[in-house]
Every structure is written in structure tokens, then in C-alpha cells.
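Here is a short note for someone opening this structure for the first time. Please read the points with the model in view.

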Amino acid sequence: MQSRTKRHLSAADLDALLRASTGVGCRVEAELTDGWFAAAYRVVLDDGRPAVVKLAPPPDAPVLRYERGITVTEAMVYGRLATLPPGQVPTPQLFYSGPEFVVLSVLDGTPWDKVADGLPPVTQSALRRELGAVTARLHTLTAPDGRFGYPAPEAALSAPDWPTAFTAMVDALLQDAADAQDAAGAAPLTSPLDVSPAVIRALVAEGKGVLGEVTEPRLVHFDLWPGNVFVDVPGGGEGPRAPRITGIIDHERAFWGDPVAELVSLAFGGDTGPDSDLVAGYTEAGGHLDFTPAVRHRLALYRLYLGLLLVVECGPRGYVGDHLAFCRRTLAEAVAELRALG
């Protein structure tokens, strides 16, 4: 996927960047083009280890407020996941990191979205159950300082309580959209969003009571669509070895907040309702999801947030056409859902 936030380097420049920062250079094998935000390269390090290098956006690239310090956030998440018992949350090993990059081990398997259409239902069911368990273990991690929101200080989007942090997260996206409109000299903000910022702020304000039920900040990945989940499916899921999840990637969007919010991106891969395989795996692994009216209200708010994020990021990343139309539909459906709850 092409994006204005991707920083493309020559093989020589990438080698020089790593060598200056870590003392270890690399030989570039290929650029990985599936990512939507950061440029990534498959490399072989000087010591022979295969690795993936992800680069932060260029210094002059327009990024959203929550994306400030995003590469350091990803490195932090890898570090926290490494404190869990081995195998609890499979993910690449962090070899090196800096403000401009992370260097990661190469995962076995294939992104789930690349093989999903060929998997029989029984295999999909087993993998969804395992993904639920992996997610529950990820949610055992809590914020070290007890604050909610995005961990990077550069984002300035954290607070001591969830209603305040979530409101700030929404406000930041609305301000990002307004700034983009001002810079382009374009029409009022209602044009790209199809809804006024006042309506969005009112919907969030109406939910402060249910947001206040969240009292402990848990790690939320918030981007667990199938493209960020690697799977190993021997024999297409019909062989003697069981299919398994080999890792989850792309932790940039992670924040400290309500585990219920995780269901928003997980829904891109299948059912996340009370009777779903995913929720069964989640609860079997010790997670708790009780679909009360308050939880359903919070889930609708998180769908609104993701819809808003998807629309607003289209501007700086240069996304147009079918993808932009999909993002706008996602936001419109979330607004309609919250209005119906009201």
C-alpha cells in the first residue's frame, strides 16, 4: 500500500542508519509492501540473522497527533510482551530500536488475510478461538504509571481516567481534520466527515458515564485485523498438525484503555459477539467480557473512534477512492449506531 507516511531508503542508506545506531549493518533483501503506515524491509543482519526493519515516517511527513512517538510506542509494547511467559502472546522478538526504527525477528507463517479464503470453517473456528486466548493474555498488561491513553509523551494524549483520555483522543482527531482542512483551504470539516464535530463531541459526552466504568488501564492493540495476525496452517488446515497463530504484529496503535475496544478491529476478521469462537477463547484464557448495555454502548463509542481515525488519516496518507469511501461508511455507521442508542 502506498502512503505518504512511508520513508523509503536505499539499501546503502538503511545499512548506514542501522550501523550508526546499533553497530550492526544489514543487507536488504526486499521491501515489504503490505503495510499501510510504515515502510518495512526484509534484511539479513551482519551476524546472519534474518530480520525486518520498520522505519518511522520521514521527519517532514504529516502525521496525526496520536502518531507522534509511535515507533517508540511499538518498541515499548514489544518489551512489555517479552515479560510474559513464553508463547503467551506470540510476536516478533525486538532486536534493536530507536526513535526512527525497530528491528524485529522474522515470523514463521503467513498473514491470515492472505490464506483466509482457502481455510475450512473448522480451521477458522480454531484459529479464532486461539486469537481470543492470545488477546486475553495481552490484556493482562497494565500501564506502569496508571494513566490511560497513548503512551508516547509526544502525543500528549494521556490522562488519569478513561473518560478524559478517550475524549482527548477524539478531540485530537477532530483537530487533525480541522488542521488539514485549513492547510488545504478546503470546505468546512463536515465535508470529509459527513458529520459535524459538534455531533461527534456530543455523542462522546453522552458516553462519559459508561466510559467511567473502566478503572484500570489495560494494553489494547487496536489493530488486530487479519493482516496483523500470522498463522501457520499445515496442509490448508486439514493435515495432522493443528493450525496455530505464530505472531501478532504492528503494535503502533496500542494504547492503555478498555479491553472492550479490542473487539472493534477483531471484528474485521469475524464474529466477536457473546457466542463467538473468539469470545469463547478469550474467556477460557481468563479474560472477562460481559455484554451489558453499558459495554455495548462503550463498544459503539470505540467504533466511532476507529471510524473517525480511518477517515482522518486518509488525508495525510493520501488515500482516495474505494478505501476513502469505505472509511466514510464506517464512520457514518458508527454515528448512526450511537444515535440509535441515544
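1. First, a term for what follows: two strands count as paired if DSSP finds at least two bridges between them. With that in hand, take V43, which stands opposite A51 in β3. The two strands concerned are β2 (residues 39–45) and β3 (residues 50–55). They pair in the antiparallel sense over six bridges. Keep in mind that this is a predicted model.

2. The sheet around them is open and has five strands. Their order is β1-β2-β3-β5-β4, and the pairing is antiparallel. The edges are β1 (26–32) and β4, each pairing on one side only. Neighbouring strands are turned by 25° against each other on average, direction ignored. Helix α1 (residues 11–22) packs on this sheet and touches β1, β2, β3, β4 and β5. The direction of α1 makes about 125° with that of β1.

3. Now the β4 end of the sheet. β4 and β5 form a hairpin with two residues between them. Strand β5 covers residues 101–105 and pairs with β4 in the antiparallel sense over four bridges. Y96 has V103 in β5 as its bridge partner. Helix α2 lies across β3, β4 and β5, at about 30° to β5.

4. Between α2 (70–81) and β4 (94–98) runs a loop, and A82 lies in it. Is A82 buried or exposed? A82 counts as exposed because its relative accessibility is 63%, and the cut-off for exposed is over 50%. A82 and P92 are ten residues apart in sequence. Their C-alpha atoms are 9.5 Å apart in space.

5. There is another open sheet, of three strands, in the order β6-β10-β11. Its pairing is antiparallel. β6 (110–111) and β11 (244–248) each have a single partner strand, so one side of each is left without a neighbour in the sheet. β10 (residues 229–232) pairs with β11 over four bridges. D232 has R244 in β11 as its bridge partner. Helix α4 (residues 121–138) lies across β10 and β11, running at about 40° to β11.

6. Next, the interior. Nonpolar side chains tend to be buried together in soluble globular proteins. The largest nonpolar core here has 83 residues. Which of them touch the most other members? They are W162, F166, L193, Y302, Y305 and L308. Helix α11 (residues 293–317) gives this core its largest share, 15 residues. Apart from it lies another core, of 16 residues, among them L17, V24, C26 and V43.

7. Y302 deserves a separate look. Setting aside residues up to four places away in sequence, Y302 touches W162, F166, L211, V214, F222, D258, V260, A261 and V264.

8. The aromatic rings come next. The structure holds eleven aromatic pairs. In one of them, F166 and Y305, the ring centres are 5.7 Å apart and the planes are at 55°, so the pair is tilted. This pair links distant parts of the chain: F166 sits in helix α5 (residues 162–184) and Y305 in helix α11, 139 residues apart. F166 is buried at 1% relative accessibility, and Y305 is buried at 2%.

9. F222 and F255 are also tilted, because their ring centres lie 5.2 Å apart with the planes at 55°. F222 lies in the loop between β9 (218–220) and β10, and F255 in strand β12 (residues 255–257), so the pair ties together parts that are 33 residues apart in sequence. Both F222 and F255 are buried. One aromatic cluster takes in Y66, F148, Y150, W162, F166, F222, F255, Y302 and Y305.

10. Look also at helix α7 (residues 197–206). Its buried residues are P197, I200, L203 and V204. Seen down the axis of α7, they fall within an arc of 125°, so they line one face of the helix. The face turned away carries the exposed residues A198 and E206.

11. Last, T272, in the loop between α9 (262–266) and α10 (277–284). T272 is buried, with a relative accessible area of 10%. Leaving aside neighbours within four places in sequence, T272 is in contact with R128, L263, L266, A267, L278, V279 and F291.

Key: Residues are numbered from 1 along each chain as its sequence is written. This is a predicted model: local features need pLDDT of at least 70, side-chain atom pairs count only at pLDDT 80 or more; totals for chains, interfaces and linings use all residues. Side-chain values use heavy atoms; hydrogens and water are left out. Contact means heavy atoms within 4.5 Å. Axes are lines fitted to C-alpha atoms, for helices over the stretch in contact, and angles run from 0 to 180 degrees between N-to-C directions. Buried means under 20% relative accessible area, exposed over 50%, partly exposed in between (1.4 Å probe, protein chains only). A nonpolar core is a set of buried Ala, Val, Leu, Ile, Met, Phe, Trp, Tyr and Cys residues joined through side-chain atoms within 4.5 Å. The arc is that of the directions from the helix axis to the C-beta atoms. Rings of Phe, Tyr and Trp (its six-membered ring) pair if their centres lie within 6.5 Å; planes under 30 degrees apart count as stacked, over 60 as edge-to-face and the rest as tilted.
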